Amino acid sequence: MIKNIISKLHPFYDTLVPIWNYRIISNQVISIKLGNIVLAISLFLILWIIMRKLLVKLIFPFFKKKVEDVKTNKLIENLFYLFFGVIILAFSLNILGFSFKVLMSIWAANIFNIKDNPVNLGNLIIGFVILIFGLRLSKYFSLEINKLFQKRMDLDIDTSKNIETLIKYILIIIVILFCLSIVGIPLTAFTIIGGSLAIGVGFGSKELLNNFISGMVLMSEKQHKIGDIIEVENNSGIIEHIGARSTRIRTFDNMRITIPNSKLMENTITNWSLIDTIVRRKVVVGVAYGSPVKKVEKLIMRAAIEHHKIEEKPKPTVLFLDFADSSLVFEVRFWTNFEKPIDMLQIESDLRFRIEELFRKADIEIAFPQLDVHLDSNRPIGKSENG
């Protein structure tokens with residue numbers, strides 16, 4: 001029975017072998033057969049599926065427990081996929097017909113030279129991969145180191161952010177220098193490039209350097225902190241982010257404004273909450289001549305005391321300011337604790353509404369511009385002395 005099965009399969013085998021051994025490429029360097037292509041693709045897919053299953057079941061859950069940041073977890077997953085994918089691809093190419101000797105010669109192929117230092121393809125690929133992953137990991141490690149500082153030193157938010165930014169830039173510089181050493185580019189090579197581009201970069205990066213230094217000064221002096229309410233160039237809002245180049249402000253209309261750090265250093269900035277949020281405000285009102293001034297004082301004081309957002313201490317003050325042309329001018333000064341500038345405008349508006357209501361009930365007239373005209377009744381109107 002076995003002989004019958006073999007005899008039946010023999011013609012199929014005789015037909016399949018020439019197809020399997022059919023040479024797609026054949027030269028002194030490499031020889032690729034059709035069967036090798038099928039075997040290499042099959043091996044790559046099988047190993048990829050097995051590798052993916054092992055990573056998802058065993059490796060990735062471990063990192064998810066240790067690393068909270070979702071983007072960093074995704075980056076680590078991609079790094080593992082890339083690492084094992086390259087290994088599987090190398091084995092598949094070897095089965096395809098590319099010997100490890102050929103692969104190593106391609107990997108070591110010289111791309112260009114910098115000051116007699118060869119830069120090969122493999123090192124260039126490794127350096128590029130490390131740069132991409134290193135930049136992302138530098139952000140993660142700066143955040144983790146910052147958390148460690150916060151736990152041990154009990155830092156405030158702004159100091160913590162400054163430390164995080166500084167650590168991130170230091171790690172980025174280390175990653176870039178490490179990648180350059182991996183690729184084989186000596187740092188002395190940049191002296192030649194720097195010399196040729198010094199003038200152009202000097203003019204082009206003037207503003208960038210100015211904003212960067214201004215950002216470092218802002219972070220160190222803490223004149224403006226995240227969460228402060230500031231007013232700059234007729235724009236009021238809350239500071240959301242202070243970066244190395246610019247500062248982002250969220251206005252009270254919920255719009256975002258990006259201001260170069262140099263503007264915050266050069267212009268006059270009103271910071272409503274630098275030390276605290278308690279400010280003194282005033283409301284001016286004029287009453288008609290003949291009004292009972294003592295009663296006016298009591299009513300204005302009553303309106304100020306009744307408002308729940310006006311501080312009891314220091315107590316509001318009512319001043320009789322002036323005998324104006326058309327009115328007796330009074331001013332009430334009060335202290336209030338605000339969360340945003342619109343609060344102050346709202347309190348002043350509420351106070352004016354209440355003063356007007358109290359004056360109306362007490363029959364006290366709020367003054368308006370008036371002009372008294374005196375006529376000489378002994379002379380006809382419209383005629384001059386000369387007739």
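Tutor: A salt bridge is counted here when a side-chain nitrogen of Lys or Arg lies within 4 Å of a carboxyl oxygen of Asp or Glu. The model is predicted, so local features need pLDDT of at least 70 and side-chain atom pairs count only at pLDDT 80 or more, while totals for chains, interfaces and linings use all residues. Residues are numbered from 1 along each chain as its sequence is written, and side-chain values use heavy atoms, with hydrogens and water left out.

The whole structure holds 12 salt bridges by this search. One of them joins the side chains of Glu348 and Arg281, at 2.8 Å from N to O. This pair links distant parts of the chain, 67 residues apart: Glu348 belongs to helix α11 (residues 341–361) and Arg281 to strand β10 (residues 278–287). Helices (H or I, at least four residues) and strands (E, at least two) are DSSP runs, numbered from the N terminus. For accessibility, buried means under 20% relative accessible area, exposed over 50%, and partly exposed in between, with a 1.4 Å probe and protein chains only. Glu348 is buried, with a relative accessible area of 8%, whereas Arg281 is partly exposed at 24%.

Helix α10 contains pairs of another kind.

Within α10, Glu297 and Lys294 are 3 residues apart, about one turn of the helix. They form a salt bridge whose closest N and O atoms are 3.9 Å apart. Glu297 is partly exposed, with a relative accessible area of 30%, and Lys294 is exposed, at 61%.

Arg302 and Glu306 also both lie in α10, 4 residues apart, again about one turn. Their side chains meet in a salt bridge of 3.0 Å, N to O. Arg302 is partly exposed, with a relative accessible area of 42%, and Glu306 counts as partly exposed at 42%.
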